[in-house]
Amino acid sequence: ADAAAVMGSEAAPAAVQGVAGEVARVQFAGLTPGTQYAAYCATAGGVLSTPLVFGTSGIVSVAEAAPATTAGYSVTLVPAIAEQVRCGAFAPEAAPDAGALMAAPVSDSVPSAEQGAAGQGSVFTLKGLAGNTAYAAVCATAGGVLSEPLKFTTSGFAAPVAEEGPATGAEVVVAATPAIGENVRCAAMGDGVAVTSEAVMAAANAPVAVPGTAGEPTKFTLTGLTPATSYTVYCATAGGALSPPVVVATSGFAAQPAVAAPSTTTSCFISFALQRGEGAKCAALAGEEAGAATAATVAAHPRAVAATGAAQEAVAVTLDGLTENSGYLVVCATDGGVVSTGVACSTSGLLGPVEAVGLATKDSVSVQVSVRIAEQVRCVAADAALADAAALMALPATPSAPAGTAAQAGAAVVVNLAGLTPNSTASVQCATAGGALSAPLAVDTSGILVGPEPAGAASATAVTVSVTPRISEKIRCSAGQGARDAAQIFAAGAGPGSPPAVGATAGAATQVRFDGLAEDAGYEVYCATEGGVVAGPLAVATSGLAGLGEAAPATKDSYVVSVTPRIAEQVRCAAFTDGSLAPDAAAVMAGTGAAVQGASPATEIVAGAPLDITFSGLTANTEYDLYCATAGGVRTRKFDFATSGFLRQPAAHGTATGDKFAVSVITRIDEHIRCIVSAAGSVPADFSAAWDVAGAVSEGAAPAGSAAKAGEPHIASFTGLQPNTEYDVYCATAGGVISNRLSFSTSGFWTRPIQSGPPTATSFAVRIAPRLSERVRCAAAPKSDTAPAATAVLEGAGAPAAQPGTASKDLNFTFARLTVATTYQLYCATAGGVLSEPLEFTTSGVTMEAGESSGSGHTVIVTSKVSEAVRCIATRPTAKPSAYQVMQGIGAVGVGAEPAAVEVAHGVPTNFTFGGLDSNSGYAAFCATAGGAVAGPAEFKTAVVEASAVLDSGSR
């Protein structure tokens, strides 16, 4: 440019008159904001100034500095020139102009102006905004430039959080719609947790946050949940928005299936409640089906029934097509796959047939029936069977068709049906409210079909009649004079003419026996049932036997009884095995059967005349039950008897002595017995019962026969026996029974006393074996020509204590404190008074005699009382050593002063020579035996040795 162009420019301000030395101001208008210019000035005189470069006020850019939160937004403003700048957030339709913005009061949403640097960004944080709200961010410069509005929305949710799709027992899907594009997260928050957006974004066990698109739903699957449980779900944005809570529920049952109404014969009725609104299926499972129920098997079951229910509301389901009187397990499954607990459901039905119970009367019966489920049941008695349950339940109420009864499952219900015809049959049926019908049951009312009528011949005090009832019930009969009704018969006290009631079987003849009646008397018999029916009268008379007793004592194979008949009639008696079932009169008269051991002929006898009846061929030592009977059917009471024999065979009574022995025996009956004793083996093993006990004594005494009491021990004693001898004992009864043999031994010893080892100086050991198990003692005394008495040995002072001996076993005795080198005689004695043979022994001992002496030696001559080892030593005169010291050579002096021990024979003199002794010196000799005896001292002095003898001894 040049001065002329400036002065002539039409776009420039008009020229002004300048004053020399003063500032002339020129304002340019119509410039473009935010633009760089060069300003030139010129004078009329043609002078052009240097250019002045400047820029106009303007905004280079306004941009988002950070994503919006629920209450704030940050923008970056870049001014074109350095000047004051300011930004604020406004409703999109209410943005101010630049002047109003620059002058607006300071607030969170319109912060104070800042000095902006040309081309550099200034960040403005706009606070205090409303969440989920649209705003316009507007900036202005002090130069009056206003930016274009920057529209934004604060963080929040464009729509409420909602559940999406079907839930399972462990999963629920929710959808969150963010207002802006930012990270979103949803979580089921537990009780007691402070719910904030930060807590939701940091929650454990929740899906991870995902980027959300503004206005579009974002789905979250919440897993690991508990079936049939409600949860509170919150969603949050990265910008801090927290959604309102939404309650969701997992699939499952708020109330498990339960029986809702009584079943019918083919249907079950159940109800349940779902935790959430969804569908479910239920099936009635039987047997093994119930043990493996899953959601899939329940849904696929051919009897499955579908149902839909709202959350927490009852859902009713009817399961049809079931089998009558059957048990099922009903299981339901939700569409979400949760299986319920099973509920037992049984169809209506009767558990078993109708049964008669209790006692039928002449016009009523009671029946019982059990139902499978708790429901009404009704029973009726009719002339014919009914076709269906509904017809039975609809019958009008009468005594024979009473109203229904509430029955408990499995429990028996008893129904009384009255108004029936006596001594007749009716048809009874029962039905349930659910439609089950029983088969008809024929029942009878009380009555008597036959009787009373005679049943066999009478005895002297008894009469038997027979009655046949229609039903099984108690019957009671009365014998007397005059008519009686059922109440009087059953109320009468027990007595001869009024026996107790008896249980009778329907259609079977029942006999009633009257005992204790008067002899040869007539009676009128009436019989009544417990149900109230009476029959009679029947005229009867008494008969019988007067007595039964023993006629003669029993032998080993026979017995005689006496009977006296009361009336003229046939009589027979029979012996039965003891303890066998009591026979009736017919069995006695027949005289046969396994229990019969003997029977008399049936004999016609005259009234009042005694009759002896003999039984033979019986078994010895046996108890029997005897019965007699008349042809008229009267049987006596049981009569016990036994044949001759032994309850206990002979056994030792006490311990045998040397000449005495006693036996104990128990007989089966009261009778005489005799016992004998003989040498062992002297009686033949095959002797017979005819053996003459009284004359068979071969040895010993045979006490005279004596009376023995049955069952009580009887003692027989024998004297004059030989000691240390074996015997046999036999006993016999007067009835001819020979006992078993009892073998025994009298007191004594199997051997004479035997030395147990070599004697010592003061002790001796012996052993001996007694023949019996009894007390034994041994005693030793200096040898004598007179043997001691057995009692003296047993009681001898100083002898070893007596020992309890065992038969044939050795007993050992040791004698101490005996006298050295002394001969003794030893005897042993038994408690039974037997003395053993003597044993002579001598205690250990030794004697010494002096022999020759020399200058260095000496000899002693030793004689021993018993054959044993002997040793001698030479020592200086000192205290007497012990036998042990001598035998060990302890204390000997000199090289040869302890010759070795040698075995010395009894009574044979033996030399012991000591060598290596000092000449002309005094010594003492001691000798000892292996048995502990010591002899000495025998003092001696060695000879004097001459000096010439030493000089002549040579180099030594």
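I take a residue as buried when its relative accessible area is under 20%. I note at the outset that this is a predicted model.

**Overall form**

Along the principal axes, the C-alpha atoms fill a box of roughly 200 × 155 × 40 Å.

**Surface, burial and contacts**

I get about 44400 Å² for the accessible surface of the chain, with 53% of that area belonging to carbon and sulfur atoms. Of the 956 residues, 42% count as buried. I also looked at contacts between residues at least 6 apart in sequence, and 64% of these join residues at least 24 apart. For charges, I have 43 positive and 72 negative, and their mean positions are 14 Å apart.

**Disulfides**

I found ten disulfides in the structure. I went through some of them in turn.

C477 and C527: I read 2.0 Å between their sulfur atoms, which makes the pair a disulfide. The link is right-handed, with 105° about the S-S bond. I place C477 in strand β33 (residues 473-480) and C527 in strand β36 (residues 522-529), so to speak distant parts of the chain, 50 residues apart. By the cut-off I began with, both C477 and C527 are buried.

C675 and C731: Here too I find a disulfide, with the sulfur atoms 2.0 Å apart. I have a torsion of about 105° about the S-S bond, so this disulfide is right-handed. C675 lies in strand β48 (residues 671-679) and C731 in strand β51 (residues 726-733), so the pair ties together parts that are 56 residues apart in sequence.

C872 and C927: I note a disulfide with an S to S distance of 1.8 Å. I have both C872 and C927 down as buried.

**One further cysteine**

I also looked up C41, which counts as partly exposed because its relative accessibility is 45%.

Conventions. Residues numbered from 1 in each chain as written. Predicted model: local features only at pLDDT ≥ 70, side-chain atom pairs only at ≥ 80, totals over all residues. Heavy atoms only, no water. Buried < 20%, exposed > 50% of the residue type's maximum accessible area, 1.4 Å probe, protein only. Contact = heavy atoms within 4.5 Å. Areas by Shrake-Rupley, 256 points an atom, 1.4 Å probe, with all protein chains shown as cover. Lys, Arg positive; Asp, Glu negative; His and termini not counted. Charge placed at Lys NZ, Arg CZ, Asp CG, Glu CD. Disulfide = S-S within 2.5 Å. Helix = DSSP H or I, 4+ residues; strand = E, 2+ residues; numbered from the N terminus.
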